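Hi there,

Here is the structure I promised to send over. Have a look at it first, and my notes follow below.

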Amino acid sequence: MPSWDYMDVPVQLNLLEAGCQPWNFKVVAASGQRFAYCASESVYVYERSLSTGQYNLQSIIVEHTKRITYLCWHPADEDVISTGARDGSIVIWDVGKQTIIKKLHDIGNIPVAACFFGEQLLIATETSLLCWRYTEESKVTTRKEYNVSFNSPITALDLSKGSSRKVLVGHRDGTVSLIIPGKRPRKHIIISVEDGDGDGASRYKVIDLQFDLHSTDYALVISYKAELVLISTESMTVMGWYNLPSKAAHVQTIAWVPDASGLFVTGDLESGILRLWNVAKYEPLRSYKVKSTGFFAMAVIRKSNKTTNLSPTSAALCAYLACTFGDGGVGLYDLELEKWLFLREKGHVETVFDCKFSPFSCHRLATASYDGTVKVWDTSGAQFVCESSSPGNEGKLYQISWAPRDLNCIAVASSHHGVFVWNVASGRITSRYLEHGQDVCVYTVCWNQIHTSKILSGGEDNLAIVRDVDGSNVLKFKHSSAVFGCQWSPSNQNLFATGSQDGKVRIFHVPSNRQDSAVLHDPIKVFSGHTAKAFHIKWSPLREGFLASGSDDTCLRVWSYGDDKCMQVLRGHTSNVRGVCWSPEIAYLLYSGSWDYTIICWDIRTGTQLARINEHSGDIYGLSIHKDQPFILASSSRDSTVRLWSTHQVVGLLPLKILAKLPWMEIVASSKVAMSKEALPLLCGQLSSEIRNRRSELKELDEPAITRFHELFQYGIGVSNLFNLTKVILKKPESSLPPSYSKGIVHMKHLAGYKRSEANELEMAIQSYTGGQIGAPSKQERIQRLAESYLKLGNIEKYCNLMIENEEWERALSVAPAVSEKFWRSLLDRYTLHLHSSHPSQLLPFITAQRDPLTLVQYHLRSGANQDALLAAVAGMKDKAYHRSQSPDESLDNSKLILETAYQVAMSHVEAGQPILAACTYLSSDMLEEAISTLIRCNLLELAFSLSCSLGSFDGFKKTIVERLALRCERLAQPELAIKFLSKVEGSEEALVKLYIRNSGKESSGLEKVRDHLLLPSRVQTSHRVAKIRKLFLSANQVEGLNNGLEILTDLLRREDFSLTDEVISVLQYCQSVPSDDLIKHPVQLFDLLTMSCYLGGLQAIHLGYDCIVSFLLNLTVKRLNLANSSFPLTAKDVTVEADAWEHRNRNQGDDLSRLYQRASLTASNTSDSLYGEMYPTGSALPSYSDKRRISFITGRSIKGRVYILEDSTSALSGAEAIMWATVNPFSPISCGQSVALANKINPF
């Protein structure tokens, strides 16, 4: 077992998925309700949620050690896919279970493409076709019918549907070959088209070919940057060439539309233009500009739910397109609605070497990659949003450094083009420094945050170089080998440190007077100790003169500049250490990332590991923390992903102390005090000091200070948003709301107002638009955004005029009658004077014009536009702009629609593992109880406690919250703090009794006072039996209390009318609270108690809506009853009947199920309780890589999000399962399944 426990491990908050690779063409596939795409060495699988209809990331499968070359789906089995890679490996996957069905390690060549037929896989390498009967054989074979030699390498492959098994092969020389089993192959048929100059045939490699889905006689073929043709597979002749608007346009990818015979779509190579074709017509039926960058690959998914269609053509287009793009973007396009269901833009397609938060904005994260681009991301929402991307083509980009303050520039170290400065706002490279030499690799760069004109860099030329931003005052600092890391001192503008190939860490001082650039300056100090190259160097922001270095010797060293020595050696990684990052609030806390794929959180005082993160599937290079979000860690990796982590768990006691309002000295201290080896975690950074100084006149923390600390700890995405909404509900002045409030989830009373403000800003931007900025939206795009804003506000006349300005006449005309007939006719007259070939009308204007808020809400929800759905519900036709026919004093009550919409939006956030955003959604609609219960169900107890205290009148919730907070305190060995929490809420006597029983035998003055208080006559009404048992336990007569408790439970269970009552639960929990060491001394009672805990735990799970653990608990009860004789009043047969009734509850609502529900006290009022239902902790929707996944001990399914490891160090529960299990049964599932006397307990709170 590790030295830390489940709750100490940081939680993953967000994931920037790797972009789709742009090297191989067969990299996206779809089947049923799933689609998948290939990153460099992993496959991302998305699946449609049955409850929300959205496509969410389901799994990331990884096995190959080299770049993946193809992906294909089994046409008859939605769970089976195959991938191949440049290492010659072939894998057959079960994507539902994320398991490997079969693997070939090396077929002797690189696979290019593959197709399933039955239980066989047809594999194309560049030179041959191979077959693999993967259910029976352990190697590929060359079948006679496919043993064909080719004169040109294979580039594409397709297999016809049905029994004919025609095989069509595309080649690098632009020819195609046809193979039909039993017939002579037809090889290298030339597919040509006369070019415009009449120079004859021009041939380019075939990049894709696909048989018609409804006929094996025809196929489409694309040649790279050449023609798109239809061929006959009977005569192997070209039936027709499809004409694009210009020679500059080229088709990159094709897909047949499954439910529309003869229809297919293409994506352009150079631009994001999607075209719809009829096979019989050689001009496109429609063209859609859906993205600014070109397509790379696509696959079609049938839609399971058709919406209201506008025409027979749109009915035939009831499908989604899974699209990938040349910039790494991935999206799902709705052909029927002509809009994106989702679009993940510009993900990195190669190793992300560095990530850095902007010093001016804690939500802006810059990343640099092997793919030659720097990208800037907004990390404040549920998804990473790409704000800007550098032009690219700069070679490998190893490190980045933001300019200080708000200059909005980034310095970049590159492999071939020196150091350059990229202006994020303009999108241009504004400076380039080549002092290291042309084509010399520069590994590291750092912008001086004090002396803002100085930029430091180091490279393979054995130099560290300092220059001014304008390129002047160049100073060179010599090393004996390549320089891999550098950083300026945060407290001395003339001091910097470097790490180099020789393993040494050097400290240099920059002379203040002007120097000759040819002079090589020596270090003022050299630290030796590493036995391999020293890489990143980081100065501590809290301990002056402390710096840490990571090395290829797998160690980190902490050095003291003032003491001239190594203070600590940190050992724990098993490979090269790359990422290094200090906490800006905890003086002893250091993070490191390694080529062993892990991130370790260190206590440098003792050299111990506080936690280990093991979620990346590649070398970890970049780590970053912003001082204003000191417990949000960003990491980047060779797996091409960027991840955000909440790390407050490693100082789990601090948030509890703050909630309990302990004295300031136990929360905030100087860095010297915080570094004391005896000290518990203490905050000592800039942010906590500011909070302390602002409230210096207070003896204890008040609610504003606690709120600021919540924002400091950042338990998840949306914490600040949550408390801003709380201000609105408490009717605080709007001036107290920060500007960022309008960018998040806003209260329903502000929705329309903020949308109007946004429209006004867009209108002003259009009027002042001058154009020309790289990466800036065009005027047409600005007008489109403005028009959509007015449309959402219901101002259809303004929408029409803007659409006309944007040359979208037909879209304006289609909704103009909703304004007036006169207005429509005036537009029609103008339209006839301005003949225009328009785009087809889109669905949104028509729905808006229908004046049906419910339909509009459903449209937005189906499209994933949650905020727009809420806006539509709130607007609810009350605005005159929506309802011209409604009298001014007439109003409609849309409260029910608002609540239903808010619920659906919140549930989509919950399913996405973002419960704080779900709580924000509820608060935005004044659903306070639902907001607090969501935080409780997701185990965000600190936020739930503060919210319930701020909003008041939620005593029932507070009781639940403090009981769980008390358990958290006990887990951290702080029973006195647990008592403090329980004493805050009336009616917590029961919880105090259980606390005392659990800690009986421990010396504690607080516990003795609790016991003395509890022995006094209680004001809380309880049954005589409960009072008697309580007195026995409080009098330290545990054996008698345990025996009496089990007798009471046995007698109650024998009753025909037994049901789960407060009395039953109280007696059971008293018995369960007896310490494990005491229970194992009484094996007979322990056996009966475990059996009771399983059965009654199952009933409690039914009562609370914890459906996923019910069957396991009831089946464990059966197992225990079969293990040995027991006094348990039910037989194994009785419980088996109940377990079967539960298992088949959706198909059979018989007497057995009714009896089970009655025993569990399950009623309609119970199921409508806001705390009813399963848990969804933060990050529970983010999957692990297939090679790191854990299987649930309870359900057998792959675990997403946080994992709770059981006592055997192997078995695991998901975080949600662990919380639900511990709520109804504190004993470990492993202990409950054993016949021997085990009493291991779990505490995941």
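A quick definition to start with: a residue is called buried under 20% relative accessible area, exposed over 50%, and partly exposed in between (1.4 Å probe, protein chains only). This is a predicted model, so to speak of local features I needed pLDDT of at least 70, side-chain atom pairs count only at pLDDT 80 or more, and totals for chains, interfaces and linings use all residues. Residues are numbered from 1 along each chain as its sequence is written, and side-chain values use heavy atoms, with hydrogens and water left out.

Backbone first. Most residues other than glycine have a negative phi. Ser-1209 is not a glycine, yet its phi is positive, about 65 degrees. Ser-1209 sits in the loop between β57 (1203–1205) and β58 (1212–1214); strands (E, at least two residues) and helices (H or I, at least four) are DSSP runs, numbered from the N terminus. With 32% relative accessibility, Ser-1209 is partly exposed. Ala-973 also has a positive phi, near 60 degrees, and belongs to the loop between α19 (955–971) and α20 (975–982). Because its relative accessibility is 57%, Ala-973 counts as exposed.

Now the interior. A nonpolar core here is a set of buried Ala, Val, Leu, Ile, Met, Phe, Trp, Tyr and Cys residues joined through side-chain atoms within 4.5 Å. The largest one has 209 residues, and those with the most contacts inside it include Phe-713 and Leu-722. Helix α27 (residues 1083–1104) gives the largest share of this core, ten residues. Another core, of 39 residues, lies apart from it, with Cys-20 and Phe-342 among its members. Leaving aside neighbours within four places in sequence, Phe-713 is in contact (heavy atoms within 4.5 Å) with residues including Phe-631, His-648 and Leu-683.

Helix α6 (residues 719–729) is largely enclosed by the rest of the structure, because nine of its eleven residues are buried. Among these are Leu-722, Phe-723 and Ile-729. Lys-731, which follows α6, has a positive phi near 60 degrees.

Finally, a sheet. Four strands form an open sheet in the order β1-β56-β55-β54, with antiparallel pairing; two strands pair if DSSP finds at least two bridges between them. β1 (11–16) and β54 (620–626) stand at the edges with a single partner strand each, so one side of each has no neighbour in the sheet. Between β1 and β56 (residues 642–646) there are five bridges, and Leu-15 has Arg-643 as its bridge partner in β56.

Best wishes
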